[in-house]
Protein chains: 4
Amino acid sequence: MEKINKNILNQVITLRNPVSYKGNYGKILIIAGSTHFGGAAILCSSAAVASGAGLVTVATVPEKFTAINTRIPEAMTIDYQNKNDLLEAIQNNTVIAIGPGLGISSVAKGLVKVVLKEATKNQTVIIDASALTLIAEEKIPLTTNAKIIMTPHQGEWERLSTLKIHEQNELNNIDELHKLNPKAALVLKKHHSEIYYQGKVLQITAGNAGMATGGMGDTLTGIMAGFIGQFGFSIETISAALLIHSYIADKLNKKHYVILPSLLIEKLPKYMASFSYENGHYLS
Amino acid sequence: MEKINKNILNQVITLRNPVSYKGNYGKILIIAGSTHFGGAAILCSSAAVASGAGLVTVATVPEKFTAINTRIPEAMTIDYQNKNDLLEAIQNNTVIAIGPGLGISSVAKGLVKVVLKEATKNQTVIIDASALTLIAEEKIPLTTNAKIIMTPHQGEWERLSTLKIHEQNELNNIDELHKLNPKAALVLKKHHSEIYYQGKVLQITAGNAGMATGGMGDTLTGIMAGFIGQFGFSIETISAALLIHSYIADKLNKKHYVILPSLLIEKLPKYMASFSYENGHYLS
Amino acid sequence: MEKINKNILNQVITLRNPVSYKGNYGKILIIAGSTHFGGAAILCSSAAVASGAGLVTVATVPEKFTAINTRIPEAMTIDYQNKNDLLEAIQNNTVIAIGPGLGISSVAKGLVKVVLKEATKNQTVIIDASALTLIAEEKIPLTTNAKIIMTPHQGEWERLSTLKIHEQNELNNIDELHKLNPKAALVLKKHHSEIYYQGKVLQITAGNAGMATGGMGDTLTGIMAGFIGQFGFSIETISAALLIHSYIADKLNKKHYVILPSLLIEKLPKYMASFSYENGHYLS
Amino acid sequence: MEKINKNILNQVITLRNPVSYKGNYGKILIIAGSTHFGGAAILCSSAAVASGAGLVTVATVPEKFTAINTRIPEAMTIDYQNKNDLLEAIQNNTVIAIGPGLGISSVAKGLVKVVLKEATKNQTVIIDASALTLIAEEKIPLTTNAKIIMTPHQGEWERLSTLKIHEQNELNNIDELHKLNPKAALVLKKHHSEIYYQGKVLQITAGNAGMATGGMGDTLTGIMAGFIGQFGFSIETISAALLIHSYIADKLNKKHYVILPSLLIEKLPKYMASFSYENGHYLS
């Protein structure tokens, strides 16, 4: 299993073209949150904004709009129960992340289905958390025209793949991913998380147990969405998103027993700058 | 095209008279925000407050009052759907900014019309975002007794002027602005933004691609409102507001890959102090 | 007119007795805020909390509870429209501040009247902002058993005293205060604010024009309430509260063009410590 | 009475196993908050999150969800008035803290009873604030299968034990605790707080009068819950939670006249790290 080198961050996080606009950095739709899980939508969309996404729209229940406006004034909101608004948003965005805090209601199930159905081949759909649980438990076929990235932790991957955790080795994971959708990318979150894509397997060596806290996965999903929106879908972009999440956490862990996701998010713009500048400056 | 020199900041951001009161620093009305775009109202009015405006009132939908109170306790709120409250606010404020996150509903259209109709010659109206779109699409005549500043980005200017982006050169812009309203000032947001006013054209050389993120325009509108409220309507004030926005962003960009508008806003009081103090101290 | 010396801060801000409890530091009731003026309640009660008040209860409209909980989880809330809750709160608190953002509705008028009527001689009532306007305009007699502190700015004092601003000199102010209520203390907010109490007149020389911004008066009221709650009613306590507000603002003004009230509030615990420690340490 | 040595912090706050997951660090249910006391739920659950709890769910009234989402996106929320949701949450969590800001309504009374009845021997129930008052005043028998920690201040202990404050000495406290529930642990909050458990009595010498402010007790309860969730129920864990709360407050008190609970909470991850690292580093 190939280890991901830190150089991937310098390679992916390129300096921005001075003549560019927010439209160049991705339009991200985050379908997340429900009455009991409002924080997941906040963390996921904050991470997308802080990672440099051009425009971020959060599709959630209206009762969460106030918290989202307060925490992330940079983001827009829509009600995912309004079908017209949702369909329009699916069409207008380049990256769609679905799942954090969504819950497993019939509304949530409908959202997963409509995203898989409506997303087109130029779009990327990131499937996380409740969306993965719904696909596993409701046997929703993982067929879509869009590019797919799944980001399960080991328990979610067990439900999706039917592989027990002790059976989740490289070969089995490749096989089961192939059965689910041979074109999908899999980010398997664990101690030293792994990426599976088209038979290739990569692994990070960063990460620490201070990350073992609620909301850390939602944060990764937001970074992943922001990175795909800016740097395009590729195994390199997926690797960089996965790595920077753990890389910042490792830096913070030197002085923090637990890494609060909101702190990690706050640090994103600075760490991203540090990697982009190793490629040279564009500031005159 | 004349470049705007950084000295304009020292010139415009004058030391305050020790014997002065909040009434001396402008009464600002921000007409902004709607169900799906609450954050724009927050960023715009935060920027007005942080830039030193004496009093800031946000006219928005009541469902956004909680987020505004939480983020900007320094601001007051009214419901823009309450006609009496709105008319009173239009009368009582010296600067009115309209558009950020307003949307293009019939309510929003009515707001643009009433502001243009009711504002008087001693007031300044700053027209941004959705308000510009409405003027273009609904063919609302740009006639008003107030002084006008429009702050479109290139796409919004295309809709207003019917000039394609590649046609947006100095002469064409002058011509089209003259047709829309010969007394209006135009702030054209782009790489190295430009100001058009009474045949004069100025340009900043500050700004960077880390500013290409949602909410950055709303922030400029708030600064513009705060500056006009404190320093009066003039091409110099407009230049200083435009420049300080990009100047702070350039400083932040040295260590931030993307500039979050809320961070830029937080830095306003310090950067403004640094320019005012070059003119001498009034602290004993 | 006697100038207030900075030593008053060392004298008033005493080290706390190690064996003491929150009940020793005052129970503060802040009656503030209304639909359009939610921020005033937040700033006033934040300032009371940060200045060291033992317990702070905010009486306001329920629609503001969320913003208050979010910004000041240390405070409790009640609905001032619930007469039983209000009367109980008036009885149970040692210091009552009324007015910031209250507005001039008939509800607000009723609140002012009930506080004046119900407060007892061991309590202090601080009257500010809308409460002062109501007393002036509705000719509410300023009679109460409680100790009173009024904190008008010059315009509010004009309405209360009928003295035009240019007539507001030492002798006239003493006379008019005597007519309103000979036992009341008056804090007249202006360039170099003044205190009038029982014929004595004091003045601070601190303060700066960067304080000329919305919410700065609400902040002073909160500090005043917190100080009276902890250090008892006296002209020394009033002086110290008035001075520390401007003292911190002067420190901040060295690096901030405008002083945001929320920043000043955040700095209170540190500046208070610096003065208390000049009297010695009690930490082993 | 044995003094608790600072070494207990190094002993309890162990380095985390690199191969571990949020499920290893406790599932915490905080039953707290009501219309008038929303902040207590925020402070208690923030403290649990910041102290490293794996997963935190706040059971409260739905009107507080927005403030909780905004302040602590890392936490989940349920409505404690929904009996099914509540029973499920009681079953699924390992540590249950009940009381901060709960009030003494009949709903609150029902919550205390159901927790005592439903909690099982592998769970820990922390009883604080309003829950203690209810047990005292409503004579709710303190019988349960769960492990119990009570965290009264002296006034609450008076109501529970019927011991006047001057009668609250070591022997009397042991006796009365034994009568209430011989297996319960008692954390008696006072100047130099004490722990009583199975006849053993321990005392901290940390703590200061700057902690005498609203919300400080709610914060301790959250830390206690987070510590039990991560480090297991033991007198050592209880001691460490009690001590770190006062230890951080003592550090902050050197520069803060009053210790705001929210500031103390923010510092938890750093102070916990400093103690864990004295045992060695696991970061490569």
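Let me start with a zero: between chain A and chain B the count of salt bridges is zero. Keep in mind that this is a predicted model.

So what does the side of chain A that touches chain B consist of? By class, 20 residues there are nonpolar, eleven are polar and seven are charged. Several elements of chain A each supply at least two residues to that side: the helices α2 (38-50), α3 (65-71), α9 (216-231) and α11 (261-276), and the strand β4 (76-79).

Next, the extent of this interface. Chain A puts 38 residues in contact with 33 residues of chain B. The two chains bury about 2800 Å² between them, and 60% of that area is on carbon and sulfur atoms.

Now the symmetry. Chain A is superposed on chain B by a rotation of 90 degrees, with 0.0 Å of shift along the axis and an RMSD of 0.0 Å. That is the relation of a four-fold axis. Do the copies meet through the same surface or through different ones? Through different surfaces, because only 8% of the interface residues of chain A are also interface residues in chain B.

I will finish with one residue, Thr70, in two of the chains. In chain B, Thr70(B) sits in helix α3, residues 65-71. Is Thr70(B) buried or exposed? Thr70(B) has a relative accessible area of 6%, so it counts as buried, the cut-off being under 20%.

What does Thr70(B) touch, leaving aside residues up to four places away in sequence? The list is Thr70(A) from chain A, and Ile42(C), Ala67(C), Thr70(C) and Arg71(C) from chain C. Within chain B, a polar atom of the Thr70(B) side chain lies 2.7 Å from the backbone oxygen of Thr66(B). As for Ile42(B), 28 residues away along the chain, its C-alpha atom is separated from that of Thr70(B) by 9.9 Å.

Over to chain D. Thr70(D) is likewise placed in helix α3, residues 65-71 of that chain. Thr70(D) is buried, with a relative accessible area of 6%. With residues up to four places away in sequence again not counted, Thr70(D) touches Ile42(A), Ala67(A), Thr70(A) and Arg71(A) in chain A, and Thr70(C) in chain C.

Notes: Residues are numbered from 1 along each chain as its sequence is written. Chains are lettered from A and ligands numbered from 1 in the order in which they are written. This is a predicted model: local features need pLDDT of at least 70, side-chain atom pairs count only at pLDDT 80 or more; totals for chains, interfaces and linings use all residues. Side-chain values use heavy atoms; hydrogens and water are left out. Helices (H or I, at least four residues) and strands (E, at least two) are DSSP runs, numbered from the N terminus. Buried means under 20% relative accessible area, exposed over 50%, partly exposed in between (1.4 Å probe, protein chains only). Contact means heavy atoms within 4.5 Å. A polar contact is a pair of N or O atoms within 3.5 Å; within protein, one must be able to donate a hydrogen and the other to accept it, and residues adjacent in sequence count only if both atoms are side-chain atoms. Copies are superposed by least squares on the C-alpha atoms of residues with pLDDT of at least 70 in both. Buried area is the accessible area (1.4 Å probe) that two parts lose on being put together, summed over both. A salt bridge is a side-chain nitrogen of Lys or Arg within 4 Å of a carboxyl oxygen of Asp or Glu. Ala, Val, Leu, Ile, Met, Phe, Trp, Tyr, Cys and Pro count as nonpolar, Asp, Glu, Lys and Arg as charged, and the others, Gly among them, as polar.
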